[in-house]
Amino acid sequence: MSPLRRIQASPRGLRARGALASGVAVVAFGWHAAPAAATKAVTEEEIHGGSEAEHATQLFRRSKGQEGALIGAGALAGPAAGALRPHGMNLTTPLEDMTSEYIGRIGVGTDRDGGAQFNARVVFDTGSTNLWVASVLCKLSPCSHEKASKFYDPKKSLTQKAFVTKEGAPSTSDIDIVFGTGELKGPLRVDTCRVGPMAVTHQPFAMIREMTGRVFESFPFEGILGLGFPSLSFGGITPFFEHVIDQKLLKNNEFSFYLNADPTKPSAILWGGVNKSLYTGPIRMFPVVQPHYWAIELVDFRIGDKSYGDGGMKRLIFDSGTTFFTAPPMIYDEVVHRLKPAPCSTVESDSERYAPLVYVLRSASGKKYELTLPQDIYMLGDSSLGTSAVDEGHCKPAFMQLDVPRQYGPAMILGEVFMRSFFTVFSRGSGDVREARVGFARARRGLAPGGLA
């Protein structure tokens with residue numbers, strides 16, 4: 001059997017949680033090989049080249065105290081039915097911290113001045129593929145006539161077109177997608193989509209006519225920009241990032257997430273590369289084994305030394321639209337039975353029960369690796385920012401139950417809680433889905449990504 005190499009946060013007590021919550025603590029992170037294989041393993045690792053991002057979009061995070069996963073649970077279930085920038089421009093898209101989901105701004109359509117007809121606050125979701133935008137058609141709650149008048153209006157866009165079906169006729173039907181916490185319906189349209197200085201032309205998207213679900217009432221949701229693979233797209237619609245690749249808008253076909261735990265600190269999705277100041281250690285890359293979701297091979301899952309791999313886990317999915325860690329029903333029941341909610345002081349002192357989570361992964365060379373997550377990452381404090389346990393209060397595991405479609409599982413998911421501790425890269429290589437990779441490295445907390453737009 002190949003020797004295991006580890007991704008291991010440095011040992012430390014939960015008393016460091018206060019520093020984590022304030023965004024100033026940096027946890028050491030490294031890979032540890034079995035000594036006999038150390039030299040050979042270095043040459044077989046797939047390491048991100050460190051190419052600098054060309055653009056970053058700021059993300060904002062939902063206010064404290066609101067629950068749930070907006071996108072991932074349903075997106076993974078699938079559907080129910082500026083000018084072009086020159087290469088080399090320094091870019092970054094800011095993400096708003098809205099405690100569950102992060103949202104950022106995109107522009108849709110073209111007004112008479114050449115700018116965006118509507119600037120939408122959207123969730124950048126790697127667990128779905130289609131683009132959804134709030135429109136003037138949405139008049140029922142949580143929309144209203146007043147809100148709808150400020151949403152996307154094709155009549156006011158100079159670049160909009162009807163969506164034409166494969167039969168050559170304009171589409172007149174609504175599409176419908178069900179999420180774990182809501183449902184969206186609306187007709188298709190084609191227009192220009194702007195993300196910072198990138199302008200994707202001829203982008204099909206759904207104009208939201210109906211939003212169903214309390215989650216859409218809880219924060220200023222105006223759309224979803226899906227970043228999954230083409231096979232996940234409704235009706236074979238060409239996804240946004242496929243157009244980014246086809247229109248050669250980036251030198252490197254990749255994007256990465258830096259999510260701050262502290263909502264007063266900026267987060268970002270970076271386009272075309274990384275920002276080396278935002279993480280520590282090299283970014284190890286793993287091949288996507290089934291390019292439908294951003295899924296890599298999962299060899300085993302453990303809590304401490306106890307394996308829970310009897311459920312036949314095969315995939316580990318990285319989903320920016322899911323808040324928590326997820327597990328299918330059988331494993332979820334065992335996880336929550338062991339990791340019971342408890343006073344945070346009890347969690348801290350009982351390191352045997354609340355042992356690290358261990359995800360055993362496989363690299364492109366066939367090497368096995370252990371991704372080890374200590375309790376301060378997966379146990380949430382009820383008086384914290386929703387990111388890690390705190391010195392006082394009640395703590396509970398950041399797990400939710402979720403089954404992915406059978407042909408893409410069994411699978412577990414790493415969502416935003418994971419990504420608040422790990423800088424995460426999604427690469428498409430030359431654009432061929434067979435070259436897709438996911439990589440991660442320990443994030444440096446509380447920093448401000450440069451070049452935000």
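In which loop is asparagine 253 found? In this predicted model, asparagine 253 is placed in the loop between helix H5 (240-246) and S14. The relative accessibility of asparagine 253 is 10%, and because buried means under 20%, the residue counts as buried. A polar atom of the asparagine 253 side chain lies 3.1 Å from the backbone oxygen of glycine 429. Leaving aside residues up to four places away in sequence, asparagine 253 touches Phe241, Ile245, Phe426, Ser427, Arg428, Gly429, Ser430 and Gly431.

Aromatic residues were examined next. Across the whole structure, 25 aromatic pairs are found. One of the pairs joins phenylalanine 255 and tryptophan 294 in an edge-to-face arrangement, with 6.0 Å from centre to centre and 85 degrees between the planes. Since phenylalanine 255 belongs to strand S14 (residues 254-258), while tryptophan 294 sits in the loop between strand S16 (279-287) and strand S17 (295-303), the pair ties together parts that are 39 residues apart in sequence. Both phenylalanine 255 and tryptophan 294 are buried. These two residues also belong to one aromatic cluster, which is formed by Phe124, Phe229, Phe240, Phe241, Phe255, Phe257, Trp271, Trp294 and Phe426. Among the members of this cluster are Phe241 and Phe426, and both of these residues are touched by asparagine 253.

Charged side chains also lie over aromatic rings. Lysine 306 is positioned over the face of tyrosine 308, at 5.2 Å from the ring centre, and arginine 442 is positioned over the face of phenylalanine 422, likewise at 5.2 Å from the ring centre.

Note on methods
Residues are numbered from 1 along each chain as its sequence is written. This is a predicted model: local features need pLDDT of at least 70, side-chain atom pairs count only at pLDDT 80 or more; totals for chains, interfaces and linings use all residues. Side-chain values use heavy atoms; hydrogens and water are left out. Rings of Phe, Tyr and Trp (its six-membered ring) pair if their centres lie within 6.5 Å; planes under 30 degrees apart count as stacked, over 60 as edge-to-face and the rest as tilted. Helices (H or I, at least four residues) and strands (E, at least two) are DSSP runs, numbered from the N terminus. Buried means under 20% relative accessible area, exposed over 50%, partly exposed in between (1.4 Å probe, protein chains only). A charge sits over a ring if NZ of Lys or CZ of Arg is within 6 Å of the ring centre and within 35 degrees of the ring normal. A polar contact is a pair of N or O atoms within 3.5 Å; within protein, one must be able to donate a hydrogen and the other to accept it, and residues adjacent in sequence count only if both atoms are side-chain atoms. Contact means heavy atoms within 4.5 Å.
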